Amino acid sequence: MPWCDPCAKFYSPNAANVDGTCPVCETALDAPDTVVERNTVPWHFWVLVACASIYLGWRAIQGFIALIGAF
């Protein structure tokens with residue numbers, strides 16, 4: 001978002017003038033460099049998913065054994 005130092009205010013790109021100046025004080029707006037980062041899933045999330053899958057799979061097997069043993 002463009003920042004105006006004299007006004008100490010952020011402006012949306014649509015609120016700024018066409019030439020990139022502040023609509024109030026007419027100074028040039030400082031637009032920060034936008035860095036596009038890939039949103040990657042951290043490795044420990046996949047460890048959690050694997051552990052939860054193993055746990056739920058084992059509980060499903062125990063449930064089937066309990067059902068078979070009930071008959």
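Here is a walk from the overall fold to the core, the cysteines and the surface.

**Before you click**

This is a predicted model, so take the thresholds with you: local features need pLDDT of at least 70, side-chain atom pairs count only at pLDDT 80 or more, and totals for chains, interfaces and linings use all residues. Residues are numbered from 1 along each chain as its sequence is written, and side-chain values use heavy atoms, with hydrogens and water left out.

**Stop 1: the whole chain**

Helices here are DSSP runs of H or I with at least four residues, strands are E runs of at least two, and both are numbered from the N terminus. Select 3-4 for strand E1 and 9-10 for strand E2, then 43-70 for helix H1.

How much of the protein chain counts as buried? Of its 71 residues, 10% do; buried means under 20% relative accessible area, exposed over 50%, and partly exposed in between, with a 1.4 Å probe and protein chains only. The protein chain exposes about 6,200 Å², with carbon and sulfur atoms supplying 67% of it. Those areas come from the Shrake-Rupley method with a 1.4 Å probe, and for residues only the protein chains shown count as cover.

**Stop 2: the core**

Now select Cys4, Tyr11, Ala16, Cys22 and Leu29, the five residues of the largest nonpolar core. Such a core is a set of buried Ala, Val, Leu, Ile, Met, Phe, Trp, Tyr and Cys residues joined through side-chain atoms within 4.5 Å.

Centre on Cys4, which is buried at a relative accessible area of 0%. Leaving aside neighbours within four places in sequence, Cys4 is in contact with Lys9, Tyr11, Cys22, Cys25, Thr27 and Leu29, where contact means heavy atoms within 4.5 Å.

Hop to Tyr11, in the loop between E2 and H1. Tyr11 counts as buried at 8% relative accessibility, and its C-alpha is 8.0 Å from that of Cys22, eleven residues apart along the chain.

Lys9 sits in strand E2 and is partly exposed at 45% relative accessibility. Apart from neighbours within four places in sequence, Lys9 is in contact with Pro2, Trp3 and Cys4.

**Stop 3: the cysteines**

Show the sulfurs. The disulfide count comes to zero. Also click on Cys51, which is partly exposed with a relative accessible area of 48%.

**Stop 4: two loop residues with positive phi**

Check the backbone at Ala8, in the loop between E1 and E2: phi is near 55 degrees. Then try Glu26, in the loop between E2 and H1, where phi is about 65 degrees.

**Stop 5: the surface patch**

Finish with Val41, Phe45, Trp46, Leu48 and Val49, a nonpolar surface patch with about 470 Å² of accessible area together. For nonpolar patches, residues need over 30% relative accessible area and no salt bridge, with side chains (Val, Leu, Ile, Met, Phe, Trp, Tyr) joined within 5 Å; a salt bridge is a side-chain nitrogen of Lys or Arg within 4 Å of a carboxyl oxygen of Asp or Glu. Val41 lies in the loop between E2 and H1 and is partly exposed at 43%.

Note on methods: A disulfide is a pair of cysteine sulfur atoms within 2.5 Å. Patches are made of residues with over 30% relative accessible area and no salt bridge: like charges are joined within 9 Å, nonpolar side chains (Val, Leu, Ile, Met, Phe, Trp, Tyr) within 5 Å.
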